[in-house]
Structure formats: C-alpha cells, structure tokens
Amino acid sequence: MSQSRYAKGTVLAAQTSADGRFTLVASGPSPVQVWQRGQEQPLYRWYQGESTDDILLLAISPDSHSAATASLDTVAVWSLQNGRNLGFYQLNHSLRALALANDGRSLLLGYHNGEVEYVDLQSGRRLVFMGHRLEGENSRINSVDLSANGRYAISASQNGRVMLWQTDDAAILGRWQHENSVSLVRLDGEGRLAFSADAQGQGELHRLPSGELYSRLQVPYRGQTFISARLDSASNRLLTGSTARRLELWQLDDGQHLQQWEVGLHTKLRPASAMVYDVAFIDQQHVYSVSSAGLGETWDIVQREQNHE
C-alpha cells in the first residue's frame with residue numbers, strides 16, 4: 001500500500017479520475033488542488049472566480065480530460081490537460097449533485113428543488129428534467145451521473161426513486177424504487193449497468209436501459225452509507241467507498257463481497273474516522289481511494305478465482 005497526503009485538515013470534497021491518475025481536493029473555498037498520482041506538489045490550483053463559498057462538489061469526465069468544481073450556486077469547468085478554465089456559470093437553484101461528459105462537452109446538475117438540468121456546453125442548449133418533481137414530495141436530488149457521450153443521464157432523489165433518461169428529449173427509459181433515500185447512483189463505462197445505493201446501505205445493480213434488477217450486494221453488515229463507486233463490467237467487479245473508512249471490492253453478477261480495506265486517518269482530527277470520497281481501478285491488481293482525511297491511497301487486490309454460476 002502506498003499513501004499520499006493531499007491536505008493537512010479535513011477535506012470537504014475529493015474526486016479522482018477513472019484510472020486514479022488525477023485527484024481533485026477541496027478543503028473549503030478556492031483553490032481546488034489538482035494532484036497527479038506520484039507527484040509531490042499539486043499540478044494545478046483552481047480559483048472559483050471571486051467566490052468565498054466552500055467548494056462542495058467535484059466531477060471529472062470519464063476520459064479524464066476535463067473537470068468541474070462547484071459551490072452551492074456556482075460551477076466552473078476546467079481542462080485537466082492544461083489547467084485552463086473553460087467556463088464559469090452562476091446557478092439559480094441550490095446545487096446538490098454534479099456530473100460531466102467526455103471532453104467537458106456537457107454538464108448535469110441536480111438541484112435541491114428536485115429538478116435536474118442538462119447543459120450542452122458547446123451549443124448552450126439546456127434541458128430541465130422534471131421527472132422527480134412530478135413524483136411528489138421529497139424529490140430533492142441526491143446523486144446524478146452522465147454517460148460518457150452525454151446522451152443518457154441517471155438521477156436519484158430523496159424519496160428513493162432512480163430514473164434513467166435521455167438528455168435530448170427527457171424521455172424516461174427506466175426507473176426503479178429503493179425503500180429508503182438513495183445516496184448514490186453510478187453508470188458503468190459501457191452503459192450496460194447502473195449501481196444505486198440507499199441511505200441504509202442497500203446496494204443494487206440494474207441492467208440498462210430497462211432498469212431490471214441484475215444483482216444485490218451481499219452486504220455483511222448494516223449502518224454504512226455508500227459515498228462512491230466505480231464499475232468495471234469487463235472484469236465483473238465493483239469498487240465502493242463508504243463512511244467509517246470502508247473501501248470494498250464486489251463481484252458484479254452476484255453481489256459477492258470479495259475484499260475490504262480500511263483507509264487511513266488524519267492523526268490530529270477527531271472523531272477518528274474518514275469517508276471514502278472516491279475510488280478507482282488502477283489496473284487488475286491495484287485500486288485507489290481518496291478520503292476526507294486528505295489521503296490518496298493505493299491498495300493491492302488479493303487475486304482469487306471469481307464465481308460465475
């Protein structure tokens with residue numbers, strides 16, 4: 001296991017690229033620090049205009065070319081290739097969730113009022129998805145994700161509803177319901193599966209676009225909340241990060257629990273725990289995590305034969 005310290009205090013938000021090469025770290029107001037794995041100093045420092053508000057949400061495009069940083073009412077888009085700012089946007093509603101398509105071509109914004117907004121950053125076209133608001137009360141958006149090409153969006157709300165929809169016309173392609181509030185939704189890179197998890201630690205995989213249940217995680221305990229996830233359909237595996245320092249590896253097709261790690265702690269902060277803000281597969285033998293303790297950590301996978309019954 002190798003470890004890098006990206007911050008000395010508590011981290012409010014952190015995000016890593018799909019391969020763990022880039023890591024964004026926000027510890028309050030600007031700047032957001034951008035780290036490249038293996039380097040001892042930040043690659044970039046990004047300032048969110050003149051805003052003094054905390055940066056609370058971060059996103060990296062699936063191709064690792066672009067990133068977005070957001071406060072409750074501002075969003076900025078950046079190039080990870082040269083560090084330049086690609087746009088700054090003032091929002092009219094309180095932001096809850098954020099996702100970015102390849103090359104920063106489009107942005108998905110989930111709001112406290114239950115609306116989800118798709119923005120084509122090249123043409124300026126905007127589409128507001130009202131599907132969750134039409135479902136009734138507790139429609140606050142908790143999590144969103146966007147396909148690499150920007151054509152498909154997935155969104156989840158406080159009332160446990162998950163919806164997959166098209167960004168060209170807001171047509172709903174699939175939907176499913178959790179018993180509790182949904183804390184996280186993620187798409188796989190091929191657009192074949194989606195992961196969703198609720199506030200009570202129940203995690204599910206669903207086929208796309210139908211929304212048909214594929215598998216449920218065989219969670220060995222209760223009381224955790226999934227905060228981050230990365231799907232690797234080609235290798236039949238899922239990596240998740242949770243509260244209480246948990247980094248876990250699962251088998252996609254049957255939800256089997258394969259391996260678990262405990263991420264590191266900040267030695268001076270109390271209570272002595274950490275949230276795993278984001279996760280990545282580096283290769284077949286290694287995974288990566290970044291946590292609220294300000295640590296980026298690389299872990300070894302114990303190789304075992306997977307079951308395919």
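**Entry on the model.** I am working with a predicted model, in which local features need pLDDT of at least 70 and side-chain atom pairs count only at pLDDT 80 or more, while totals for chains, interfaces and linings use all residues. Residues are numbered from 1 along each chain as its sequence is written, and side-chain values use heavy atoms, with hydrogens and water left out.

**Entry on Arg-105.** I looked up Arg-105 and found it in the loop between strand E10 (95-100) and strand E11 (106-111); strands (E, at least two residues) are DSSP runs, numbered from the N terminus. Is Arg-105 buried, exposed or partly exposed? Its relative accessibility is 27%, and therefore I noted it as partly exposed, since buried means under 20% relative accessible area, exposed over 50% and partly exposed in between, with a 1.4 Å probe and protein chains only. Leaving aside residues up to four places away in sequence, I listed the residues that Arg-105 touches as Val-119, Asp-120, Leu-121, Gln-122, Ala-148 and Asn-149, where contact means heavy atoms within 4.5 Å. I also checked Asp-169, which lies 64 residues from Arg-105 along the chain, and the C-alpha atoms of the two are separated by 17 Å.

Strand E18 (residues 182-187) pairs with E19 in the antiparallel sense over five bridges, and I found Phe-195 of E19 as the bridge partner of Arg-186. The hairpin of E18 and E19 has five residues between the strands, and Gly-191 in the turn has a positive phi of about 75°. E19 is also joined by five bridges to strand E20 (residues 203-207), again antiparallel, with Ala-194 opposite His-206. In the hairpin of E19 and E20 there are four residues between the strands, and Gly-201 in the turn has a positive phi of about 85°.

**Entry on an open sheet.** Lastly, I traced an open sheet of four strands in the order E1-E28-E27-E26, with antiparallel pairing. Its edge strands are E1 (2-5) and E26 (276-281), each of which pairs on one side only. E26 pairs with strand E27 (residues 286-291) in the antiparallel sense over five bridges, and Phe-281 stands opposite Val-287 in E27.

Conventions. Two strands pair if DSSP finds at least two bridges between them.
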